[in-house]
Amino acid sequence: MNQVNSKVCVVGDFAVGKTSTVERFVNNHFSDKYLTTIGVKVDTAEVDLTQDLKLKLILWDIAGTTEFKHVEMAYLRGMSGYILVADGTRLTTISAARELKTQIEATHGELPFVFLLNKSDLQHAWEVSDRQREKLVNEFSSELFVTSAKTGDHVAGAIARLAELIAERELFGPQ
Amino acid sequence: MNLPDEISSYLKSVFEESRNPLCFLIDRDFALLDWWGFSEAYGYKNLQSGASILDHAPFLFGMLGSKTEVLPFVTTPTGGTVEVHILPHKRRFFVILLSATRDHDTHQQRQQTANELKLLHATQRQLITRQRTLIGELVEAKAELDHRRREAERSNANKNQFIAMMTHEFRTPLSSIINYADLALEADTSEADGRKSSEAIARASRHLLNLVETVLHEARLEAGHLKLRERSFNVQELLDDLSTILAPLAAEKGIAYATYLEDNVPAVLYADDVCLRQILINLLGNAIKFTETGGVSMEVAWSDSQLLIAVNDSGPGIDLADQERIFGAYQRAERADALSQPGSGLGLTITIELTRLMQGHFDLDSEPGRGCKASLRVPAKPSSMPSEDDVVLPAPAVELDAEGTATILLCDDDEDLIDLAEYYLQRAGYGLLVARDGEEAVEKALQYSPDLILMDINTPRLSGADAARQLREAGFSAPVVALTASDVRKLDQRDFTVSLRKPIQMPRLLAEIRRHLR
Ligand SMILES: Nc1nc2c(ncn2[C@@H]2O[C@H](COP(=O)(O)OP(=O)(O)OP(=O)(O)O)[C@@H](O)[C@H]2O)c(=O)[nH]1
Ligand SMILES: [Mg+2]
């Protein structure tokens, strides 16, 4: 079986659930306790693309930020795609994700990505209105996923979608 | 200064102890060529020359370039937190790992506190926003409810008053029509009497028609669906109709009522006469209502394809503030007031609405104490033939016989009803006394002791109900029959022998009189 390595950065504002999402995907585990990430946490996971092709994701869970400084820019080096994470219970984290995406596109050009609107289990504290959600759907279309690291909802689906996008691009080149 | 060897090696040992340096030499394809240092500190047990370093250090993937890279805190599941330096060297790479766990933990604690504080603020902000929204929604909901309740109450009150007024207003002309029709159909009616009856019927019918139009207008205006219905009409006839309705009201108050039609006004005009009639009834009705001495006059002129109408009165005048209010928002509360006054028309605000609808212009010129001049300008087209609208009433069945010798006092302010009663009662052989208001009725009853009183309830000065009570208190014991157009249940049964609801059928009245005189 063939295996392709691929670096993926997980970016977004602090406490949106980046570490939790990776933890859910890699170890199928979740903790309510918040332990902020310093620098970067690197983990790996494998995604089967076809019967004889595997994508080995090297996941870079980067400390939460609203803007990449010089050091964080170094973390992004060589990535094939990225995961934007925002927190549905805090509207400001959506604009932070947009900012980061703009910054990435300015330095790395267009790369495969998915947008995760996380914490969908917290409906009582949900701040994203139907109208805003519709706007996000228009903006990110099939790259938008409303996820919960806590319940696991749509986490694997979102990362599988990103793996597909990366594979398409790595194997057939950018369109 | 050159460091002595022992100092150098001391420094080296301190650094090595705290940072556990490990150095790999790798090629472009991540093959491990050689290594040096504290590999166990990072959990690297069986490093092998030629094997891929990525299994041990996946973070190197994608990071090899032409420049030195320093990654301060890289945490892996097995290796703890390291500081990574990547140094390109002759198409190969030296990778230095330094333990950063201690630094990481200090950083982590500081950042943790800061982030938790920020989260707390965010939560607080959300709570405040949500509270504000909830309070806002609450206030809005309450205001909406209050508004709906007030609207409902108001529209209910309006309807009740409107119905009360209309019931009252309809009964008077209806009773005239029925009775005069009875009279006209009698076999021995003279030609002169028949003609008099027909005239009275025509008059009452026109009044009734006007009332119906008023109601329809009001209903359509209310629904916001009022549309102009233009047709040809005779101007003089319109003015005559208005006089029929309004002159008696002026006469009742002892004030003058006059209409002036200028010669150049076309005899037949094409416009919405129903609308115009409604406007003029309102204006004249109001003028009469508020004028106590002097009089009310209407001047009708023609200029530039426009009908110019001025309604003047010598009433108390309207001060500027009230004029403002009248021309201001269409206020329902005031309309309710206007409606509660029987026959007063439906208020100036409706007049303004209707004038607007006719694309006309309405203006008030008034000062307190100096009367009021209401000017109306509406576009119209001269026309030749008026449209015919006939009022057809079914003829009532008549059956009549009468006898008696008693004296009856009739108290009513409706001249038509008095005429009718005179005719029927005298023909039946009764003596008739007439009083036109409650006070007169009390006086005459006490002076002449009639055998029976027919008492209209809605009489000027003193109401029929109060007059009856005064008479009973003065010891008057003969039957008192109430004639009422409105609700009979409110009358005191001790004062009245019986109540008859208007419109009154003369045969029924005679039968009642006979029954109570026995
Ligand atoms: N209810 C709920 N809580 C979540 C979810 N995802 C994360 N959390 C919680 O949110 C907090 C932050 O989660 P992390 O995964 O540490 O967030 P992060 O984006 O890695 O934060 P930084 O490392 O500080 O940038 C933790 O207390 C998690 O338990 C979720 O889907 N639902
Ligand atoms: Mg984290």
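Because the model is predicted, local features need pLDDT of at least 70, side-chain atom pairs count only at pLDDT 80 or more, and totals for chains, interfaces and linings use all residues, while side-chain values use heavy atoms, without hydrogens and water.

**Stop 1: two helices in chain B**

Select residues 235-253 of chain B, helix α4, and residues 273-290, helix α5. (Helices are DSSP runs of H or I with at least four residues, strands are runs of E with at least two, and both are numbered from the N terminus.) The two helices pack at about 15 degrees, with axes 10 Å apart. (Axes are lines fitted to C-alpha atoms, for helices over the stretch in contact; angles run from 0 to 180 degrees between N-to-C directions.) That angle makes α4(B) roughly parallel to α5(B), a term for angles under 35 degrees.

Now show side chains. Contact means heavy atoms within 4.5 Å. From α4(B), the contact includes Leu238(B), Ile245(B) and Leu249(B). From α5(B), Leu280(B), Leu284(B) and Phe290(B) are among the residues taking part. By class, the contact has twelve nonpolar, one polar and five charged residues. (Ala, Val, Leu, Ile, Met, Phe, Trp, Tyr, Cys and Pro count as nonpolar; Asp, Glu, Lys and Arg as charged; the others, Gly among them, as polar.)

**Stop 2: a crossing in chain A**

Select α1 (18-27) of chain A and α5 (residues 155-172) of chain A. Their axes come within 10 Å and cross at roughly 85 degrees. α1(A) and α5(A) are therefore roughly perpendicular, the word for 65 to 115 degrees. Thr21(A), Arg24(A) and Phe25(A) meet Val155(A), Ala156(A) and Ile159(A).

**Stop 3: the largest cavity**

Stay with α1(A). A cavity is a set of points on a 1 Å grid over the protein atoms alone where a 1.4 Å probe fits but cannot get out; lining residues have an atom within 4 Å of a point. The lining of the largest cavity includes Thr19(A), Val22(A), Lys41(A) and Asp61(A). Both α1 and β2 (40-50) of chain A supply at least two lining residues. Four of the lining residues are charged.

**Stop 4: the second largest pocket**

A pocket is an open set of grid points with protein on both sides within 12 Å along at least five of seven lines. Select Ala15(A), Ser20(A), Asp32(A), Lys33(A) and Tyr34(A), which lie nearest the centre of this one. The lining has 44 residues. The largest share, nine residues, comes from α2(B).

Notes
Residues numbered from 1 in each chain as written. Chains lettered and ligands numbered in written order. Parallel < 35°, antiparallel > 145°, perpendicular 65-115°, else oblique.
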